[in-house]
Amino acid sequence: MPTITTPDGVDIYYKDWGTGQPIVFSHGWPLSSDDWDAQLMFFVSHGFRVIAHDRRGHGRSAQVADGHDMDHYADDLAAVVTHLELTDAVHVGHSTGGGEVVRYLSRHGQDRAAKAVLISAVPPIMVKTADNPGGLDKSVFDDIQHQVATRRSDFFRTFAEGPFYGYNRPGAQPSEGVIANWWRQGMAGGAKAHYDGVVAFSQTDFTEELTKITIPVLVLHGEDDQVVPIQDSAIRSAELLPNSTLKTYPGFPHGMPTTEAATINADLLAFIRS
């Protein structure tokens, strides 16, 4: 399998298909680069080079005990970009991956990047604080950590069957294949990485970083996102970013890159080509 070794000795698995302008995909918690299948196949067929890695502790990357925070996530992404000598790249991040993209751009600079896309992304900050009164109570994330530590397999199955894809909504038609694939990706990763990652995606504050990203950023979010509520995420991020375009989708769930791939891919393609 193609891997790189980070400066702190962690093996990171990645996919690198096609030629042309590179599009780099950062996946959500607790998944892997496989979650981008619908995007990778679409964009490689449209003449782009597509790159996606498994975050440390996730998928086929090393299941290390430490470094499950946004700084390390960003540094690992930078290691992939540097190793592959990518320039003029479009960075696309879903959910936790959106935070990874923001931290990468703020921590490692924008010289190698052309544009960015945040899809159902966690910035500016998810947890409720004095400065973020619209956030979710910390007890929500404490419970997720408890579930990961004590009954991860059952919890992952329930999460995929329910709020992640909106399959708990009246009239929804759940896909067993999509649910099983989410569970498969999650269980391929390490419980320690997933446990620590809850703090990374919920408590990291990207507010100031968003104001310093000057490349064009497309912010996409489903209006029925039950995992990362839109009002305290995409709406605020679009306001903070100096060069943003916000597009929202009535009824779309958190996992819309999979369930609504045709719509999302078309909008991504239009933004990249604009």
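**Exercise 1.** How many cavities of 30 Å³ or more does a search of the whole structure find? Describe the lining of the largest cavity.

*Solution.* The structure is a predicted model.
Step 1. The search finds 1 cavity of 30 Å³ or more.
Step 2. The largest cavity holds about 30 Å³ of space.
Step 3. Leu118, Ala121, Pro123, Val219, Leu220, His221, Ala234 and Ser237 line the largest cavity. Strand E7 (217-222) and helix H8 (234-240) are the elements giving two or more residues to this lining. E7 has the largest share, 3 residues.
Step 4. Sorted by class, the lining of the largest cavity has 6 nonpolar and 2 polar residues, and no charged ones.

**Exercise 2.** State the volume of the largest pocket and describe its lining residues.

*Solution.* 
Step 1. The volume of the largest pocket is about 270 Å³.
Step 2. Its lining consists of 19 residues. Those nearest the centre of the pocket are Phe141, Ile144, Phe159, Phe201 and Val227.
Step 3. Helix H4 (residues 138-161) contributes the most to the lining of the largest pocket, namely 6 residues.
Step 4. By class, the lining of the largest pocket splits into 14 nonpolar, 4 polar and 1 charged.

**Exercise 3.** Which residues of the largest nonpolar core touch the most other members? Identify the elements that supply this core, then look at the contacts of Val217.

*Solution.* 
Step 1. The largest nonpolar core has 58 residues, and Trp29, Leu105, Leu118, Trp182 and Val217 touch the most other members.
Step 2. At least two residues of this core come from each of strand E2 (11-17), helix H2 (70-83), helix H3 (96-108), strand E6 (113-119), H4, helix H5 (176-188), helix H6 (191-203) and E7. H2 gives the most, with 8 residues.
Step 3. Leaving out residues up to four places away in sequence, Val217 touches Ala116, Leu118, Leu241, Asn243, Ser244, Thr245 and Phe271.
Step 4. Another core, of 22 residues, lies apart from the largest one; Val90, Val92, Ile264 and Phe271 are among its members.

**Exercise 4.** Which residues does the UniProt annotation "domain: AB hydrolase-1" cover? Give the helix and strand content of the span.

*Solution.* 
Step 1. In the unreviewed UniProt entry, this annotation covers residues 22-254.
Step 2. Residues 22-254 are 42% helix and 15% strand.
Step 3. The C-alpha atoms at the ends of this span are 25 Å apart.

How values were computed
Residues numbered from 1 in each chain as written. Predicted model: local features only at pLDDT ≥ 70, side-chain atom pairs only at ≥ 80, totals over all residues. Heavy atoms only, no water. 1 Å grid on protein atoms, 1.4 Å probe; cavity = no way out; pocket = protein on both sides within 12 Å on 5 of 7 lines; lining within 4 Å. Points joined across faces, edges and corners; volume = space filled by probe spheres on them. Helix = DSSP H or I, 4+ residues; strand = E, 2+ residues; numbered from the N terminus. Nonpolar A, V, L, I, M, F, W, Y, C, P; charged D, E, K, R; others polar. UniProt positions renumbered as here; feature names shortened; annotations may be inferred. Core = buried A, V, L, I, M, F, W, Y, C linked by side-chain atoms within 4.5 Å. Buried < 20%, exposed > 50% of the residue type's maximum accessible area, 1.4 Å probe, protein only. Contact = heavy atoms within 4.5 Å.
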